[in-house]
Amino acid sequence: MITKLLSILVLFTSQFCFSQTIKGKIVFNNYAIPKVDVINSNSKILTVSDAKGNFSIVAKMNDTLIFIAKNYELKKVTVNPLIINDKDLKIELVLKAEELKEVVITKIPAIKLST
């Protein structure tokens, strides 16, 4: 019984030894983006960035992090040693291009202001 408990304890602690907590900031043109979903697609862990764009998520080497925000393009990042060792990780998102279905131009008379 003790060996089973000990082996389970070793299994769980080894799982935490190989994973790293990755911290960073999500920005667009040096402005923080709040409420961005950060998903680790390998372990199915989800977190959301705070009001200052900061996030923290647990990931291992070669995991894929997906950043999803409403008006921004989806971004995928693969975890590598540079990302794990980077103390000031910045993820730059790009705005989605908005396509208009129809544009109507009408002539409106000018407003004349009198004194």
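A: Ile 105 counts as exposed because its relative accessibility is 79% (exposed is over 50%, buried under 20%, partly exposed in between, with a 1.4 Å probe and protein chains only). Ile 105 sits in the segment after strand 8 (89-92); strands here are DSSP E runs of at least two residues, helices are H or I runs of at least four, and both are numbered from the N terminus. Together with Leu 100 and Val 103, Ile 105 makes a nonpolar surface patch with about 380 Å² of accessible area (Shrake-Rupley, 1.4 Å probe, and for residues only the protein chains shown count as cover). A patch takes residues with over 30% relative accessible area and no salt bridge, joining nonpolar side chains (Val, Leu, Ile, Met, Phe, Trp, Tyr) within 5 Å and like charges within 9 Å; a salt bridge puts a Lys or Arg side-chain nitrogen within 4 Å of an Asp or Glu carboxyl oxygen.

Before going further, keep in mind that this is a predicted model: local features need pLDDT of at least 70 and side-chain atom pairs count only at pLDDT 80 or more, while totals for chains, interfaces and linings use all residues. Residues are numbered from 1 along each chain as its sequence is written, and side-chain values use heavy atoms, leaving out hydrogens and water.

Now for the whole chain. There are two helices and eight strands, running α-β-β-β-β-β-β-β-α-β from the N terminus on. The chain exposes about 9,500 Å², and 60% of that comes from carbon and sulfur atoms. Of its 115 residues, 23% are buried. Looking at contacts (heavy atoms within 4.5 Å) with a separation of 6 or more, 47% join residues 24 or more positions apart.

On the inside, there's a largest nonpolar core with 18 residues; a core is a set of buried Ala, Val, Leu, Ile, Met, Phe, Trp, Tyr and Cys joined through side-chain atoms within 4.5 Å. The members touching the most other members are Ile 22, Ile 26, Phe 55, Phe 67, Ile 91 and Leu 93. Strand 1 (20-28), strand 5, strand 6 and strand 8 each give two or more residues to this core, and strand 5 gives the most, with three. In soluble globular proteins, nonpolar side chains do tend to be buried together.

A search of the whole structure turns up two aromatic pairs, and one of them is Phe 55 with Phe 67, edge-to-face at 5.4 Å centre to centre and 75 degrees between the planes. Phe 55 belongs to strand 5 (residues 54-59) and Phe 67 to strand 6 (residues 64-68), so the pair links distant parts of the chain, twelve residues apart. The cut-offs: rings of Phe, Tyr and Trp (its six-membered ring) pair if their centres lie within 6.5 Å, with planes under 30 degrees apart counting as stacked, over 60 as edge-to-face and the rest as tilted. Both Phe 55 and Phe 67 are buried. Leaving aside residues up to four places away in sequence, Phe 67 also touches, among others, Ile 26, Val 36, Val 38, Leu 74, Val 77, Ile 91 and Leu 93.

Asn 40, in strand 3 (residues 37-40), counts as buried because its relative accessibility is 0%. With residues up to four places away left out, Asn 40 has contacts that include Ile 57, Val 58, Ala 59, Thr 64 and Leu 65. Asn 54 lies in strand 5 and is partly exposed, because its relative accessible area is 33%. The C-alpha atoms of Asn 54 and Lys 25 are 4.3 Å apart, although 29 residues separate them in sequence; beyond four places in sequence, Asn 54 touches Gly 24, Lys 25 and Ser 49.

Then there's Asn 62, in the loop between strand 5 and strand 6. Asn 62 counts as exposed because its relative accessibility is 57%.
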